[in-house]
Amino acid sequence: MVKAYIGQWLYTFPWSQVVSGFWQKFPNPYTGHILSEDTYYRTVTEDQKLISKRVLAKTNKLPRWGERIFYRGSASTIGFIIEESVCDLKEKIFTTNTVNINMKSLMTVEETCTYRPDKEDETRTICEKRVVAKGELFGFKTTLETFAMQRYKKNHELASLGLEFILHKLYLPQLPPPPVVGIKTPDTRTFSRKLSDKAKHLLKSSNNDTLEF
Amino acid sequence: MSSISPSCQILKDEYDACFNSWFSEHYLKGDTKADMCTNLFKKYQACIKDAIKEHKITLWELENEPTTKRN
């Protein structure tokens, strides 16, 4: 069994600003678990696509039961993530794909995000996310997938709020920075309302569904 | 943002500044020639490769061509 999650996020900034801000999103108050970020590959193709690869280091805590089962003396509390991205300038589609490179023998968590201009309002950008968690260890697959998915659900909203925070800092510097609220359990409705009042922009996370198959 | 290795931090900061400027001022405006930051990137990339070896991470992608399909 594999667990998958599909979600959407609306940024109240045009696509060009969102993709520019994407490269500058670390550090921000929401993603303290990201320790480092380095670009190790970058090229522009003949059809003007920018391809980039970054390696991110993050804290990587297993739950207690996981430490007991999987700790082999060499387990590190730092995990590495590879982020590959393609910026398609002509089509205005920016796609990112992130996957863990440690502990692949236990599980793989792969996230794909696609950023496009909102067709109804080009001053906004829609980000579609899809994540798939796949446990690899026989007998623990479902437990691992459930754990990975719970952690993802907790963190992915913070990642979006983090980018939103940076976009405000870069493109609305005349306004006070958005309040950093609820890092442990973010209340996006409150966050949105406060932002809307100040920036007169709409920030809204939209429908999220969990699928299991 | 921090680099994976403190020894690459200055190179990273210089390259990132160049890249961010190139991305918004040139690339997004259709001038997609990527040579503006190439020298800075080469130095930074060499430093990162060494740092990654020290961390004993297997990044086979480093040695290969991009896996992303080109249309």
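User: Which residues of H1(A) and H3(A) meet in this predicted model?

Analyst: From H1(A) come Gln17(A), Val18(A), Gly21(A) and Phe22(A). Their counterparts in H3(A) are Leu163(A), Ile166(A), Leu167(A), Leu170(A) and Tyr171(A). By class, this contact holds seven nonpolar, two polar and no charged residues.

User: Why are H1(A) and H3(A) called roughly perpendicular?

Analyst: The axes of helix H1 (residues 15-22) and helix H3 (residues 141-171) of chain A are 9 Å apart, at an angle of about 110 degrees. Angles of 65 to 115 degrees count as roughly perpendicular. The angle falls in that range, so H1(A) and H3(A) are described this way.

User: Which residues make the contact of H1(B) with H2(B)?

Analyst: H1(B) gives Leu11(B), Lys12(B), Glu14(B), Tyr15(B) and Cys18(B). H2(B) gives Leu40(B), Phe41(B), Lys43(B), Tyr44(B) and Cys47(B). The residues of this contact divide into seven nonpolar, no polar and three charged.

User: How many residues of chain B are in contact with chain A?

Analyst: 24 residues of chain B are in contact with 29 residues of chain A. On the chain B side, helices H1 (9-25), H2 (38-54) and H3 (60-63) each give two or more residues. The largest share, five residues, comes from H1(B). That side divides into 13 nonpolar, eight polar and three charged residues.

Terms used: Residues are numbered from 1 along each chain as its sequence is written. Chains are lettered from A and ligands numbered from 1 in the order in which they are written. This is a predicted model: local features need pLDDT of at least 70, side-chain atom pairs count only at pLDDT 80 or more; totals for chains, interfaces and linings use all residues. Two residues are in contact if their C-beta atoms, placed from the backbone, lie within 7 Å. Helices (H or I, at least four residues) and strands (E, at least two) are DSSP runs, numbered from the N terminus. Ala, Val, Leu, Ile, Met, Phe, Trp, Tyr, Cys and Pro count as nonpolar, Asp, Glu, Lys and Arg as charged, and the others, Gly among them, as polar. Axes are lines fitted to C-alpha atoms, for helices over the stretch in contact, and angles run from 0 to 180 degrees between N-to-C directions. Angles under 35 degrees count as roughly parallel, over 145 as roughly antiparallel, 65 to 115 as roughly perpendicular and the rest as oblique.
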